[in-house]
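Thanks for coming, everyone. Let me put the structure up, and then we'll walk through a few local features.

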Amino acid sequence: MGCSKCGALVIRDEEIAMIRHGSVWSTRELEFASVNWNDEKWDENKKCRYSDIRCEVCHQLVGMYYHERPQLDNDKSKESKLSYPCGKILYLRQSSGGAIFNKTVLLGEKSMVDSAIDNLASSKFNNSFVFSP
Ligand SMILES: [Zn+2]
């Protein structure tokens with residue numbers, strides 16, 4: 001998957017641990033994305049520390065790197081599948097105004113991208129369609 005703004009590679013398929021609710025999760029360090037280790041933040045909703053993940057080329061925000069397992073997480077099924085620390089690459093996001101936009105896009109040969117889309121099932125999420133395996 002690549003940055004929706006400049007097309008640079010962000011995460012390779014072998015780095016993906018899980019695809020869920022418009023995000024791609026990785027339990028490995030991401031070779032082609034930048035984690036801002038010097039700017040650790042606190043997620044008040046999940047009660048855990050995280051840092052921004054940005055595109056290495058244009059520096060668009062493309063995700064969050066969670067340093068520890070969230071103390072609060074409504075989605076227990078997701079939590080059980082992941083080990084922490086882990087990265088969350090954003091695929092689809094919804095603005096406060098309701099618009100749906102991509103933070104990352106699928107990259108690769110047309111036949112591979114078409115095949116990936118054919119093998120993903122759509123599901124309802126926040127009044128939009130997102131892909132999950
Ligand atoms: Zn970029």
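Where does Pro-85 lie? Pro-85 sits in the loop between helix 1 (76-81) and strand 8. Keep in mind that this is a predicted model. Tyr-84 and Pro-85 are joined by a cis peptide bond, with omega at about 5 degrees.

Now follow the chain to strand 8, residues 86-90. Strand 8 pairs with strand 3 in the antiparallel sense, over four bridges. Find Val-24, and you'll see Ile-89 of strand 8 opposite.

Strand 3 has another partner. Strand 2 (residues 18-20) pairs with strand 3, again antiparallel, over three bridges. Here Met-18 stands opposite Trp-25. Strand 2 and strand 3 form a hairpin with two residues between the strands. In that hairpin, His-21 takes a positive phi, near 50 degrees.

Last stop: two loops. Lys-47 is in the loop between strand 5 (41-43) and strand 6 (48-55). Its phi is positive, near 60 degrees, and it is not a glycine. Lys-47 counts as partly exposed, because it has 13 C-beta neighbours inside 10 Å.

His-59 is in the loop between strand 6 and strand 7 (61-66). Phi of His-59 is also positive, near 70 degrees. With 14 C-beta neighbours inside 10 Å, His-59 counts as partly exposed too.

Key
Residues are numbered from 1 along each chain as its sequence is written. This is a predicted model: local features need pLDDT of at least 70, side-chain atom pairs count only at pLDDT 80 or more; totals for chains, interfaces and linings use all residues. Two strands pair if DSSP finds at least two bridges between them. A residue is buried if 20 or more other C-beta atoms lie within 10 Å of its own, exposed if 12 or fewer, and partly exposed in between; C-beta atoms are placed from the backbone.
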